[in-house]
Amino acid sequence: MGALHRVRTTLGVAILALAAVALAPPSVSAEQAQASLRISPPVYVGGQRLTFEGNIGRLGVRRIRLQIRWGTPGALWNEPEREWHGWTKGDGSFTFRYPAPSMFGLHARVVTAGAATPARPVTARSQDLGLTVVPDNPQVGENFAIEVDTTPTFMWRGDLPGPAFKGRTLTLQQRVGGNRWKTLGTTTTDDQGQGRFQETAAAPGVVVYRVRQEDWFADGNEIGWFPSFPTYVRVGGAGASAASTTQQPSARTASAATTEASQPASRVDSSDSASQTHGWGRALWDFGFAFGESLTSPPYRGSDLHGRWLDTSNGSGRAVPHNGQLILDSQRNHLGAGDFGTTAATLRGNPMRYGRWEVKLWLKTPENDARDYRVSVELVPDRRPDSNCGVITVADVAAHQGGVTVGARALRSATRWTYRKPLTRLTSASAAFAVEMTRRHISWFVNGRVIATVRSPAAVPDVPMTLRMSMKGKGETAEMNRTTALSDWQRAFPLKNGKLSTGGHALRRGTYGGC
């Protein structure tokens, strides 16, 4: 019995000791584990699927969420538009997938109650394509190649190169009808992001091509399609093609390019929106291009998620989503000569007869030795978007001029109304432009304030209208100052919320050529 008692006592002490160890609180070092956050892959574009992994710095299964900050360290942390919430493992670790935001200047962190990981930069690269024509001046009947680089580098483009996606579809298109694109064929990229098309020069003259890298949705990615700039190929005559030859910048333009590249992605922003100032409520549609969307993607938020953008160009420029913005660009990858024609993006598939529209806009240019482009935000008849009749000018500006022009051209008569308001150049501060249109009046807004109104039913088109943004050159061939027009967002609102606005200046009335 004595031996058995000793065995039982020993076992009891051992069990109590094990229980004490199991119930003891974790050590201070374990409770305060190092918080960490890693984001991979290191090089990515907007919409690419990223992996977020790390440790929240606390033991136990905890609910966590992703936060995004734009700007300086003192800026506020916010939940992203596409919110993400999840849970850690018992040791505080986590792993999750999330699409890369498109905008520059972002930081991300993972938070839980009373704890957060360190902030990490989230900086997407840009999509782009470089085209090379070989030989650059083919003769009639001669075969030539269009070589495509989807990971190009240019000396003043710090946002390049992006990653290579093996097997991504490339589409070759030819300009037809003056400003639209016809598909000729497709190929796919190799493991270096390169592609190649073989064409035959059919007739003497100039042929204009572009290449689109198509949607990339493999492996959970959400990357929209993206086009190259137009490339001009001269068949027959002497000399190199207009756009396939790299243009070397002069000393002046090289200096301007360096200055532009050194500027931060952010700029002075003095704009207030009319929608917030006047209580227009929830948007019907709101384009933000925040997560790798293409021009034909639907709005990313709103109560009526329909609509897509149709891009057109009769010159050197292109319209594309670019890191959270819709931009019109006369030429991004070369400086000097080669900025001409008109580039536009027109919203199709969601017109309104009456309502409110609002756009945020700013401009960039490194040149000032030619004509300025006229950058216009307009409402145009949905059935005839290329017409100059029945157009409402929401804003018309130029890079080197202060002031904005607004107005209306009657659809049924040769009458127009215009007003010009002084305004800080949009190269130094962005501005929010808006218009409100009812059956009896049209009112214009700049940075949330009503600046002008026309109270004539004759000025109201009374047909479904749609939004158009354009960068207008002087004809199709005149050299212009290289310009980029950037729009952070484009929105529409119904008339049911907030008060109608009819203040500001009365527009001047005049005549034009009519329709």
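**Exercise 1. A loop residue**

Does Ala429 count as buried or exposed, and at what relative accessibility?

Solution. The model is predicted, so local features need pLDDT of at least 70 and side-chain atom pairs count only at pLDDT 80 or more, whereas totals for chains, interfaces and linings use all residues. Residues are numbered from 1 along each chain as its sequence is written, and side-chain values use heavy atoms, with hydrogens and water left out.

Step 1. Ala429 lies in the loop between strand S26 (415-421) and strand S27 (431-437); helices (H or I, at least four residues) and strands (E, at least two) are DSSP runs, numbered from the N terminus.
Step 2. With a relative accessibility of 9%, Ala429 counts as buried, a class that covers values under 20% relative accessible area, with exposed over 50% and partly exposed in between (1.4 Å probe, protein chains only).
Step 3. The C-alpha atom of Ala429 is separated by 9.0 Å from that of Leu361, and the two residues are 68 residues apart along the chain.

**Exercise 2. The chain as a whole**

State how many helices and strands the protein chain has, and what share of its residues is buried.

Solution. Step 1. The protein chain has 4 helices and 34 strands.
Step 1. Of its 515 residues, 53% are buried.

**Exercise 3. Aromatic pairs**

Describe the geometry of the pair Phe52 and Phe96, then that of Phe165 and Trp216.

Solution. Step 1. The structure holds 13 aromatic pairs; rings of Phe, Tyr and Trp (its six-membered ring) pair if their centres lie within 6.5 Å, with planes under 30 degrees apart counted as stacked, over 60 as edge-to-face and the rest as tilted.
Step 1. Phe52 and Phe96 are stacked, with 5.1 Å from centre to centre and 5° between the planes. The pair links Phe52 in strand S2 (residues 49-55) to Phe96 in strand S5 (residues 93-99), 44 residues apart, and both residues are buried.
Step 2. The ring centres of Phe165 and Trp216 are 5.6 Å apart and the planes stand at 40°, so this pair is tilted. Phe165 is in the loop between strand S10 (143-149) and strand S11 (169-176), and Trp216 in the loop between strand S14 (205-213) and strand S15 (226-227), so the pair ties together parts 51 residues apart in sequence. Phe165 and Trp216 are both buried.
Step 3. Phe52 and Phe96 also belong to a cluster linked by ring pairs, together with Trp84, Phe94, Tyr98 and Phe291. Arg82 lies over the face of Phe291, 5.5 Å from the ring centre; a charge sits over a ring if NZ of Lys or CZ of Arg is within 6 Å of the ring centre and within 35 degrees of the ring normal.
Step 4. The charged end of Arg212 sits over the ring of Trp225, at 3.7 Å from its centre.

**Exercise 4. Strand pairing**

In what order do the strands of the open sheet with S1, S2 and S5 stand, and which strands are at its edges?

Solution. Step 1. The 3 strands follow the order S1-S2-S5 with antiparallel pairing; two strands pair if DSSP finds at least two bridges between them.
Step 1. Strand S1 (36-40) and S5 stand at the edges, each with a single partner strand, so one side of each has no neighbour in the sheet.
Step 2. S2 and S5 pair over 7 bridges, and Asn55 stands opposite Ser93 in S5.
Step 3. Elsewhere, strand S28 (residues 442-446) and strand S29 (residues 449-454) run antiparallel, joined by 5 bridges. They form a hairpin with 2 residues between them, and Asn447 in the turn has a positive phi of about 50°. At 18% relative accessibility, Asn447 counts as buried.
Step 4. S29 also pairs with strand S33 (residues 505-506), in the parallel sense over 2 bridges, where Thr453 stands opposite Ala506.

**Exercise 5. The backbone and a serine**

Which residues does a cis peptide bond join to Pro135 and Pro161, and with which side chain does that of Ser275 make a polar contact?

Solution. Step 1. Most residues other than glycine have a negative phi, and most peptide bonds are trans.
Step 1. Val134 is joined to Pro135 by a cis bond with omega of about -10°, and Leu160 to Pro161 by one with omega of about 0°.
Step 2. Asp219 has a positive phi of about 60° and is exposed, with a relative accessible area of 61%.
Step 3. Ser275, in helix H4 (residues 274-277), counts as buried at 7% relative accessibility. Its side chain makes a polar contact of 2.9 Å with the side chain of Glu358 (a pair of N or O atoms within 3.5 Å; within protein, one must be able to donate a hydrogen and the other to accept it, and residues adjacent in sequence count only if both atoms are side-chain atoms).
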